Amino acid sequence: MRRLGSTRRTGRTPRRATAAAACAAALAALTAVPAQAHGPEPRVPHWELKDTGTPDVRFRGLAAVSRNTAWAAGTGGTVLRTTDGGATWRNVSPPGAADLQFRDVEAFDARRAVVLAIGEGEASRVYRTDDGGATWTESFRNTDPKAFYDCLAFFDPRHGLAMSDPVDGRFRILSTGDGGRTWKVLPDAGMPAAQEGEAGFAASGQCLVTFGPKDVWLATGGAARARVLHSADRGHTWTATDTALPAGDPARGVFALAFRDRRHGLAVGGDFRPDQPSPQAAERTPDGGRTWRPATTPPPAYRSGVAWLPHSRTAALAVGPTGTDLTADGGRTWRTVDTGSYDTVDCTPDRGCWAAGEKGRVARLEH
């Protein structure tokens, strides 16, 4: 996008205490290890910062492959990769990309990844590597001055999409069927008309997300209503649904989405300006995005990234410049568990969760 917590003695457990206990249990389950007889008590799970050696870079692109392997992409055309849990990082930035802003990275393993640079016209580009970043191939360069690409997402290692802010009144979708080596613009006949001023937010690489072989969701803001668009056919036809997240201003809307299956999803966002409140920064859907329900206890401020915790049907993390929040009930209530600044978050099946943001900050959830 161009604009960028005293109760009476009733004999029942207080609701706030119950929620806190549920959140603590969710985090403990995420990083649980087998108990050892007479061993030390495990520490409370927390974000542990990893030294990336890049204090001037803001990482809004993040791809967690495992607890050991992750990719981060950010300002100054920077791409980093770790294969040892963040102990060391290798700068694998594409040559000649210092003037670009990478806002999204999708990685299939430690060697194969695709990164997206954002901006008007030719600033929007896609690069791919098959050798861990030793070499890169520029596979797409936007030539339409009206297009501005925000996010990309993959269904599998071959099929993926990238989305641009509206061109001629409709969001534009790029498609690849060969792992990002080549791209084509999809016809927009099945795309609903955009609202005046509507666009995507290139804030965390999560304004376009997929689940399974065909389902994809697109988050919007900047217009009278913040919406989520859904396609069940890899981006050929779409339906749009309004949300109750803050809207009516170029700085407000849905910034990130996460789906744990085809039906259950989360949306987070708000107003990214630090001096503006975001009273309703999270919603949830039980039906694939056809309807959205506000959180009864939302995060206290704007959030730009969200991810479901692995092997959980109810726990997820949301991150933003003012902290990290945890839900243990599928997005109904959220509780702040960390006050560090992060823009994006990603989790892996082997119980690895990573976060990234400003000043070169990359962290992994640890005991």
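**View 1. Aromatic pairs, with Trp217 and Phe259 as a stacked example.** In this predicted model, the count comes to 13 aromatic pairs, where rings of Phe, Tyr and Trp (its six-membered ring) pair if their centres lie within 6.5 Å, with planes under 30 degrees apart called stacked, over 60 edge-to-face and the rest tilted. Trp217 and Phe259 form a stacked pair, 3.6 Å centre to centre with 10° between the planes. This pair links distant parts of the chain, 42 residues apart: Trp217 belongs to strand E15 (residues 215-219) and Phe259 to strand E18 (residues 252-259). Strands here are DSSP runs of at least two residues, numbered from the N terminus. Both Trp217 and Phe259 are buried (under 20% relative accessible area, 1.4 Å probe, protein chains only; exposed is over 50%, partly exposed in between).

**View 2. Phe255 meets Tyr302 edge-to-face.** Here the ring centres of Phe255 and Tyr302 are 4.8 Å apart and the planes stand at 75°, so the pair is edge-to-face. Phe255 lies in strand E18 and Tyr302 in the loop between strand E21 (293-294) and strand E22 (305-308), so the pair ties together parts 47 residues apart in sequence. Phe255 counts as buried at 0% relative accessibility, and Tyr302 is buried too, at 8%. Together with Phe201 and Phe272, these two residues form one aromatic cluster.

**View 3. Two arginines over aromatic rings.** The charged end of Arg234 sits over the ring of Phe155, 5.6 Å from its centre. Arg361 lies over the face of Tyr342, 4.5 Å from the ring centre. A charge sits over a ring if NZ of Lys or CZ of Arg is within 6 Å of the ring centre and within 35 degrees of the ring normal.

**View 4. The largest nonpolar core.** A nonpolar core is a set of buried Ala, Val, Leu, Ile, Met, Phe, Trp, Tyr and Cys residues joined through side-chain atoms within 4.5 Å. Leaving aside residues up to four places away in sequence, Trp238 touches residues including Ile173, Pro192, Leu208, Trp217 and His230; contact means heavy atoms within 4.5 Å.

**View 5. A second, separate core.** This core has 16 residues, among them Ala147, Phe148, Phe154 and Ala202.

**Notes for all views.** Residues are numbered from 1 along each chain as its sequence is written, and side-chain values use heavy atoms, with hydrogens and water left out. As this is a predicted model, local features need pLDDT of at least 70 and side-chain atom pairs count only at pLDDT 80 or more, while totals for chains, interfaces and linings use all residues.

Conventions: Helix = DSSP H or I, 4+ residues; strand = E, 2+ residues; numbered from the N terminus.
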